[in-house]
Structure formats: C-alpha cells, structure tokens
Amino acid sequence: MILYRYLAEAIFLGFIVLILFGSLLTVQARLLMHAVLGLAVALVGVAGLYFHLGSPFMALMQILIYVGAVCVMLVFGIMVGQTPNQAAQLRLSSHNLALGIVTCGAGFVLLTATVVRTQWVAAAQRVGDFSMQHLGESFIYRYCLAFELISVVLLTAIIGAIIIARSPQERNQS
Amino acid sequence: MTESFFLPDLLRILFTFVCAIVIVFGNAVVMGYLERKLAGRFQRRPGPMEIGWQGVLQLAVDGVKLVGKQLVIPAQSDKVLYRIAPIVSFAPAALPLLVIPFSPKLQGRDFDVGLLFILAIVAINVLAILIAGWGSNNKYSLLGAMRSVAQNVAYEIPMLLTLLSVIMVTNTFSLQGIVEAQERIWFVFLMPVAFIVFFIATLAETNRAPFDLPEAESELTAGFMTEYSGMGFSLFFMAEYTYMFIACSLTVILFLGGWHGPPLPYADYTSAIWFFLKVYFLLIVMIWIRWTFPRVRFDQLMNFCWKYLVPFSLVHLLVTAVVVKL
C-alpha cells in the first residue's frame, strides 16, 4: 500500500512539472505555434491535477474542451495573424519591464494571500454520481452563477473572434 | 484493501495495457488486409495475392519495409514538432480500449465517465494532425491540417448531440451501464435517426472517405501526411485504424446493444464474440463506403453538417427529451 502512496505522490509531482514546463514554454516561445502548444501541455497538466484530486469529470471536460480550443486558436493564428513561423521580436524596454514586474508581482501576492488565508476543508464525501439529473441540477442550482459567468466569457470570445476575423473591407464599410 | 491485493492489482493493470496494445496492432493488421482485399473486390481485381495464402502475409512484408525505411526530415520543417506529431497521434489511441466493455467481464475498468474518457482522448488526434501539418512546413500539409480541424470541430457537434440523446435515456456515462440498458431493445430501433447521424459523424471524425478531405490524395497529394515516410507514416496509419475501431466500438455500444446477442456458454466472457462481430461488420461497412462513394467537396461537407446534421440532431435531442419526460 505504501508503494501506491509513493506512486501517487510521484504522479502528482509529474503533473506539477508538466504544468511548469508548459507554462515556461508558453512564455518564452518566440513562435506563436510553440506558445499555444505549450499552453496545451500546461492544460493537460491541470487536467491531471483534477484527476489526482478525484474529479475525473472535470479532468475529462478540461481535455475535451481545451484541446478543441487550442486547435481553433492555432487555426486562427495561421489564418488571421502574421505568419506563424515568424519569430516574435523581443520588445523589452525598461518601461515594459517595470510594468511586467509590477503586474506579475501583484498577481503573485494576490494569489499567495488567498492561498494562505483560505481555510482548506476536505470534502466531506466524494460525489460519484454522474447521472444527467445530478449534473443538470448542480449546474442550474448550486453552480448557477459560475455557469452563467462562463457563458459571458464565451460570448466575449465569440465577439472577439468575429472582430478579429473581419476582413479589412468590411471593417472600412462599417 | 489488504496487502494481498497489491500484486494482482498491479498485474491486472499491466495485463490490460498489454491487451490494449495487442488489440491495436492486431486490428491494424486485420484492417490493413481487409481494406486492401475488399478494395480489390470492389474494383474487380484480386488485391494482394503474392505473399502467403491469398496474400495474408503482405502486411508483414510491408511492415518490415516501413520499419527499414529512412526517416526523412525536411530541412525547412520544425524538427521537434515534426517528430512528435505521429507520437501524439498514436500514443493516446490505445487508451480508450481500457474502458470499452467487450463483454460483461472483459473490460479494463468500468469507469463512471467512460464515454467522456473516450471522447476526450479521441479529440487529441486533431491536435496531432494540426501539429503534423504545420510542422512539415508544406502547403499541402497545412491545408490538409486546416481542413481536418474545421471538419472535426464541425462534426463533433452532431456527434455529441446524438450522444446526449442516448445519455438522456440511459442516464449514465458508464459504457457498461449503456450496454445493460439495451437488454430488451437496441437503441438503433428506438432512435434510428440518431444512429445514422452518429455514424455519418464518426465517418467524418475518423477522416474516412467520403469525408477524407484532410488527406485527399487527388488534390493535396497526401494532405497532412505528405512529408512523412517510414514509421512516421505508419504510425499515422495505425492510429487511423485504431480510431476507426474505437469509433465503431462506440457505435456498437451506444446503438447496437454492445455484447448482447444470442446466449452462449460462459456468456460473461464469450459474448465478446458478438461485440467483435458487430464491430467488424461496421468496419466493413466503412470500407465499403470508402470504395463506393466519391469524395465530397469541402463546401458540401460543411453545408451538410451545419445545415442538415446539426438541426436534425437538435430536433432529435428535443424530441427525446420530451419523450423521456412523458
């Protein structure tokens, strides 16, 4: 049994490494394609964490949705952006650098503060119920706000995509 | 959980993995032979005949040839992505086999959300095709990959909608549960429209003719596979056959009653025979369709999905919801 626990720990650490590796790849890549694929690696790592925490439904939804999203993002990169194999220029003026450091620092402090101050309560029980009824009820009643917020995010994404994808002539007409 | 469970559990995991890989390769061999033989029949020629009885060993010879071939990496390609694309395509292909119920007892693991597991894993193949198409740095490859994404994203919608109709009736994502729900009547008789929509969508999702636009050889040489040689090519090939097998297994589980069939002795294990018979029947239908129908044009493909399949499956979902509620 001890071996199992070690295995689980090792897999957990593996997922952490995967997330960090993917995030690093995303940030330091000079090609759009590499950056998006790095994001995909990080997202798979997050899915693994969900799995590790005993929520296979979340993990699988994460993979199912984000793989499609990443693909569409890549296609958009190929179609409407600059050529995807054009390396991005490093534009690191002191002004940008200061801004970047401030934003990252603020984000880090905020997240750390939340993590430290939250009292982590272990779930009383694992829900093993994946029936349509249960899922539907949780979406409509318990997690209603989150569910509706997600649809707003999706709406924004759709509008953004339409604005980016419009051809220049159409843009001039309006 | 006592100490004694330890070894058998680990052995069981290993054994399941070995079985899954055996099925992947066995299926690739059988399908390769069936496809070439049947293609020959449909075109009034014998197909492979030279090596072994009726050419059964042709695949082994081809395999050796492919393994021995040089892997050519185009100079202008993205080396890393070019290399990992076939692996990304092939590596997840064996995973869905772990949750497919071949018979009441022959199943790697009865997963609560087995259906979602299969869908999530299968979705990775599109990403692999896109990586391959872009990494090769070839116009044909890129066009094939872009087509593949457009096609897969579009046909996923009617597929998931028809799946939802089935889920509404069974009220579970567990594949074993879905098969057991069809003990009295197979869902193909309850929802024939859903079956047809689902089968068409799986044809498109597995990039099979008449929807094989990502590799359309008459217009894009070989689409996303243009630059691949040797094992790179054969990994894509085996992945395609495995995904076909998984798609047909899913159709059998959802609509054709899984392992249900006339009773057999030791039915807990032997009813896998019915499962495999049904799966290979569907696979032969897929081959039949491929060699009978011409490839559709890309705009026809998109129109067919968005104007016919999506509204059909939406209406079907609505009707199913009402009927289930009554």
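**Figure 1. Salt bridge between R290(B) and E35(B) in the predicted model.** In this predicted model, the side chains of R290(B) and E35(B) form a salt bridge with an N to O distance of 3.3 Å. R290(B) belongs to helix 12 (residues 272–292) of chain B and E35(B) to helix 1 of chain B, so the pair ties together parts 255 residues apart in sequence. R290(B) is partly exposed, because its relative accessible area is 24%, a value between the 20% and 50% cut-offs. E35(B) has a relative accessibility of 4% and therefore counts as buried. Over all chains, a search of the whole structure finds three salt bridges.

**Figure 2. Salt bridge between R36(B) and D62(B).** The side chains of R36(B) and D62(B) meet at 2.6 Å, N to O. This pair links distant parts of the chain, with R36(B) in helix 1 of chain B and D62(B) in helix 2 of chain B, 26 residues apart. R36(B) has a relative accessible area of 33% and is therefore partly exposed. D62(B) is classed as buried because its relative accessible area is 19%, and the cut-off for that class is under 20%.

**Figure 3. Salt bridge between D299(B) and R297(B).** The closest N and O atoms of D299(B) and R297(B) are 3.0 Å apart, and the two residues form a salt bridge. With a relative accessible area of 37%, D299(B) is partly exposed.

Figure 4. T162(B) is placed in helix 5, which covers residues 139–170 of chain B. Its relative accessibility is 1%, so T162(B) counts as buried. When neighbours within four places in sequence are left aside, T162(B) is in contact with A194(B), V197(B), F198(B) and S313(B).

**Figure 5. K69(B) in a loop of chain B.** The loop that holds K69(B) lies between helix 2 (58–68) and helix 3 (79–90) of chain B. K69(B) has a relative accessible area of 45% and is therefore partly exposed. Although K69(B) and M231(B) are 162 residues apart along the chain, a distance of 7.6 Å separates their C-alpha atoms.

**Figure 6. Nonpolar surface patch with residues from chains A and B.** L3(A), L7(A), L10(B), I13(B) and F17(B) make a nonpolar surface patch of about 410 Å². Two elements each give two or more residues to the patch: helix 1 (2–28) of chain A and helix 1 (6–42) of chain B. Helix 1 of chain B gives the most, with three residues. L10(B) lies in helix 1 of chain B; its relative accessibility is 31%, so L10(B) counts as partly exposed.

**Figure 7. Interface of chain B and chain A.** The size of an interface is often given as the accessible area lost when the parts come together. Chain B and chain A bury about 2800 Å² between them, and 83% of this area is on carbon and sulfur atoms. Contacts involve 32 residues of chain B and 30 residues of chain A.

**Figure 8. Helix 2 of chain A.** Helix 2 of chain A spans residues 32–52, a total of 21 residues. From its first C-alpha to its last, helix 2 of chain A reaches 30 Å, close to the 30 Å expected at 1.5 Å a residue. Its buried residues include M33(A), V36(A), L37(A), L43(A) and L49(A). Among the other buried residues of this helix are the glycines G38(A), G45(A) and G48(A) and the alanines A35(A), A40(A), A42(A) and A47(A). G54(A), which follows helix 2 of chain A, has a positive phi, near 80°.

Figure 9. Chain A has seven helices and zero strands, and its elements run α-α-α-α-α-α-α from the N terminus on. Of the 174 residues in chain A, 20% are buried. The accessible surface of chain A comes to about 12900 Å², and 72% of that surface belongs to carbon and sulfur atoms. Among contacts in chain A between residues at least 6 apart in sequence, 56% join residues at least 24 apart.

Technical notes. Residues numbered from 1 in each chain as written. Chains lettered and ligands numbered in written order. Predicted model: local features only at pLDDT ≥ 70, side-chain atom pairs only at ≥ 80, totals over all residues. Heavy atoms only, no water. Helix = DSSP H or I, 4+ residues; strand = E, 2+ residues; numbered from the N terminus. Buried < 20%, exposed > 50% of the residue type's maximum accessible area, 1.4 Å probe, protein only. Contact = heavy atoms within 4.5 Å. Patch = residues over 30% accessible without salt bridge, like charges linked within 9 Å, V, L, I, M, F, W, Y side chains within 5 Å. Areas by Shrake-Rupley, 256 points an atom, 1.4 Å probe, with all protein chains shown as cover. Salt bridge = Lys/Arg side-chain N within 4 Å of Asp/Glu carboxyl O. Expected span 1.5 Å × (residues − 1). Buried area = accessible area lost by both parts, 1.4 Å probe.
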